[in-house]
Amino acid sequence: MIPLRSFDLGLSAIFGLLGLYMIWQGSGYGYQEGSVPSAGFFPVWIGAGLALFSALNFLKVIRQSDFLGSVERMEVVRVGLVSLALVGFVLLSDFIGMLVASVPLMIAIGCIFGARDARSIAAVSAIAVGMAFILYLVFGVVLAIPLL
Amino acid sequence: MDTNETHSGIKRRTLLACGAALAATQPFASGLAHASAYPSETINYIVAFGVGGGSDIVARTMAKVIDEKKLIPVKMLVENRPGGSGAVGYSYISSRKGNPYYLGGVGVSFFTTPLLGKMPLSYKDFTPLAAIARSPYILAVLADSKIKSIDDLKSAKGLTIGSAGAVSDPALLSHLLNKELGSSIKVVPYDGEGEVMAAVLGKHLDLLFGNPNEILEQVNAGKMRALAVTSAERMESLPEVPSFKELGHDIVHTQLRGIIMPKDVPAEAVSYWEGVMKTVSESPEWRSQYVDRFNEIPLFLDSKQFGEEIVATSQRYETLMRELGLIK
Amino acid sequence: MLESWHLLAEGLVAASQPSVLAAIMVGAIIGLFIGALPGLGPTAGVAILLPVAVSFDGTAAIAALGAVYYGAQYGGAVTAILLGIPGDASATMTVIDGHKLARNGKAGAALGLSIAASFIGGLIGLILLTAFATTIAQAAIAFGPIEMTALMIFSLSLVSVLGGRDLNKAMMSLFAGLFIGTIGLDPMVGLPRFDFGEVRLFDGIEFSIIAVGLFGLAEMYATPPSIGKPEENNRFRFRELLPDVRGTLQCWRELGSGSLIGFFIGILPGAGATAATMISYAFAKRTSKHPERFGNGAMEGVAAPEAANNSAAYGNMIPMFALGIPGSGTTAVLMGGLLMIGLQPGPMLFQTQSEFVWTIFGSFYIGNLALVAITIVLTPVLATCAFVRPSYLFPAVIAIIAFGIFGINNSMFEVALVIGFGVLGYLMMKLDYPPVPLVLGMILGPILERGIRRTLVASDGDVAVFFQSPIALVILLITVVLLVSPWLFKNRAGKEHQMDEPQAKKIG
């Protein structure tokens, strides 16, 4: 179990820094031109708002220690694994093509979401190959999207 | 027209798509293949913008005319590669250096996106082939506007004019206009020509530089009045509207409908397409399906003339963008 | 007006000829299907079919393209309800309660309701379109930058109703959305903002990327894997797959208000449809006797936005047909279709091409009827989706997502972005950040910025002009009432029912 509090602090910090970054970048875009707002006007104010509310949230979370509960470690691992599988798909597509790369992607996702025994893995593999064919028909043929 | 046609439509597209896939897998082979008889493979017309826009309509109409008249012995596939204000599509074409099977059209972004310095390309990375139509802009106001002529613009105060995007032909023309007349008309950028038209009709803007097609529609409906055109001569469809030039203002700027290829394509490909485009430009099909339908001005410019116009246009944009502070 | 109905009757007859009927059916099915694919919405659908459709004859081409548009609205609800992924920005609100219903085993009821809402919304939108197209078009253009600014301020203030439990977190979500909205070329001076040196960000981030990441992937991440007893996940009663007629009829008020709000806000060019769904949802929640049920699987929470986005689709076509002004991405492509078959949309179209226009309107009525028939038949089949084990369903869904997102610009860059937004979405969900304000900010923020800056460019920085437009003043007044009234109301209610107060707070 991982307490969610640290995640919330982290996300608030990232959003807060993003807000500060917006103010800094935004002022570089030009805040005003004469009396008319320029390209940086909105980024500066949006950044200020984001930084303000993030800071407020940060303080609030620091004060309340057990507000959010926790999350299972496995669930976080799952998020990482699915993201990794997708990154792998993006990278592999360049070499072996999207359709071929989608088969291991689908099998991996199936395993992550519970297909652990041989029968389920076989079923997922069959679904993956079938889906790849359907994807080819739908995206490659009917919608005529130039697939990698 | 029944389901059969629908089917064949989809099937044809499928065939074309397969052709494209094949061509895409062997970009290097195609550079050599032309030696025997150009063209021997599918021609890919890359539209750097979405389906249904101005560039797309030019491309598809051109492809249709070429197909109907059987001007080339191979298929021509129109493919949209939008994104990055044209950067994605144009980079795609230029990366096919020396490959005479990739075509593209020329729009405003062809000049302005490279000038922003974010795309490591310029018009110099392409080979101009030919231009086959020219679209002037018409300065127009609402029919009940107090502005009756160009001279009225000089005295009027606080006028606003629309532009589709920050850097566009209308923006360029408005700056030229202010310089010529000594007026201070404010340019308000919108997201598209349609939005500008809506703002003028709703009296949120005073003026616009519009395409002949959209302006004529409003003029014929009695909603708008045309003041002047940006072509050197008057337009056939608006014989009573003067050109800026004849009014003594040095404002001549039109949008060219032309095609380009990647850099370093063989000379025979250039002359081949000059020939094809000349036939297209003189064909009644092109006249009726494009030029007359969109009220544009027919013309033919060969590779050299078109190239000169491209250089001149790019310089005009560069000047504008420097004045706007977009290029430092 | 009587003349309109006469012309419509002729249009219906003309639209019943076999070639047009075939085009409607093809368009409707393709639209339904593309709308249901996560990642691809009506704009993509119309764009994909356009090159094929222009090879039909004129009327059939536009009838088919129109059918793709409204077909995708029906299809979009399917993905929103079953997978929790809005196919288009205007389907975001449907996810909130629709997906909850599906997870509570009421997939059939939610789908059936969305079909009914789509049909009623579509029908009301169509009737208004038929009756008042030209008159309304004139009113629509009264909305300039000043009025749009006011409307956007109003819409953004809805965060107070749609924000969820923690207002501070809702505001963070809203501002993160506003940030995403600023990415790309500045609309007024053309300067690239927050492009991180990446040219593919020049045109901003596509909504479907956010939708798929924030809603779709996040939802899947949080689903427990189906190890062990698969039967438990698979058990469902057939009745749960069928539409719930009584529940649907009970939502008549939301269906009506949603349709009307959808139509009138949808007319306005820009983000009309999205703003309309959010306003109609907020309206339904505000006027409901049980606002606490919204967000937890309320039928009314599906009825209002679904009626609104379908009705808005027709409102959206008014500026295009009557003025030649596309009001959304989809109508822009549709207008390209009109131009390609040689018709110039605009004030002359109703006069010079009257027969064409009325045949198209007729085809819309027929298409809507056809879609109801198709979707009702498909509902039990589709609803089964909600009961498939994740280990079999998710691989297929994630692959469709990857391909659909790739198809937006034919590039993997967007797929990479989705992965990032998936993680963000998961974190936001776990940490109780509502995703709707982010969508609100991302879609409406850019319109607000344009409105304010356009106004100030024209007025030379004079802020007073915002208060000189009567329309804008009325909208701003409503905004103030919206923001202040719950406060006053709560104080009074608090005194009367002090016992209920803590509980209501926890749920709402």
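**Strand β3 and the architecture of chain B**

Strand β3(B) and strand β10 (residues 255–262) of chain B are joined by two bridges and run antiparallel; strands are DSSP runs of E with at least two residues, helices are runs of H or I with at least four residues, and both are numbered from the N terminus. Two strands are taken to pair if DSSP finds at least two bridges between them. The model is predicted, so local features need pLDDT of at least 70 and side-chain atom pairs count only at pLDDT 80 or more, while totals for chains, interfaces and linings use all residues. Residues are numbered from 1 along each chain as its sequence is written, and chains are lettered from A and ligands numbered from 1 in the order in which they are written.

A residue is called buried if 20 or more other C-beta atoms lie within 10 Å of its own, exposed if 12 or fewer do, and partly exposed in between, with C-beta atoms placed from the backbone. In a regular strand, side chains alternate between the two faces of the sheet.

Strand β1 (residues 43–47) of chain B also pairs with β2(B), in parallel, through five bridges. In this pairing, Ile43(B) stands opposite Met76(B) of β2(B). The chain passes from β1(B) to β2(B) by way of helix α3 (residues 54–68) of chain B, forming a right-handed β-α-β crossover. Right-handed here means that, with the strands pointing away from the viewer, the path from the first strand over the helix to the second runs clockwise. Strand β2 (residues 76–80) of chain B is largely enclosed by the rest of the structure, because five of its five residues are buried. Met76(B), Val78(B) and Asn80(B) lie on one side of β2(B), Leu77(B) and Glu79(B) on the other, and both faces are covered.

Chain B as a whole has twelve helices and eleven strands, and 52% of its 328 residues are buried. Two residues are in contact if their C-beta atoms, placed from the backbone, lie within 7 Å. Of the contacts in chain B with a separation of 6 or more, 74% are between residues 24 or more positions apart.

Confidence is expressed as pLDDT, the predictor's confidence in each residue, from 0 to 100. The mean pLDDT of chain B is 82, with 88% of its residues reaching 70 or more.

Chain B is divided into domain 1 (3–135 + 254–323) and domain 2 (138–229), with bounds that come from an automatic or database domain assignment. Twelve residues of domain 1 of chain B are in contact with nine residues of domain 2 of chain B. On the domain 1 side, α5 (108–115) and α12 (303–323) of chain B are the elements that give two or more residues, and α12(B) gives the most, with five. That side of domain 1 of chain B comprises five nonpolar, four polar and three charged residues; Ala, Val, Leu, Ile, Met, Phe, Trp, Tyr, Cys and Pro count as nonpolar, Asp, Glu, Lys and Arg as charged, and the others, Gly among them, as polar.

Lys203(B) has a positive phi of about 65 degrees although it is not a glycine, and is found in the loop between α8 (193–201) and β8 (207–210) of chain B. Lys203(B) counts as partly exposed, with 13 C-beta neighbours inside 10 Å. Asp264(B), likewise not a glycine, has a positive phi of about 60 degrees and lies in the loop between β10 and α10 (267–282) of chain B. Asp264(B) is exposed, with 12 other C-beta atoms within 10 Å.
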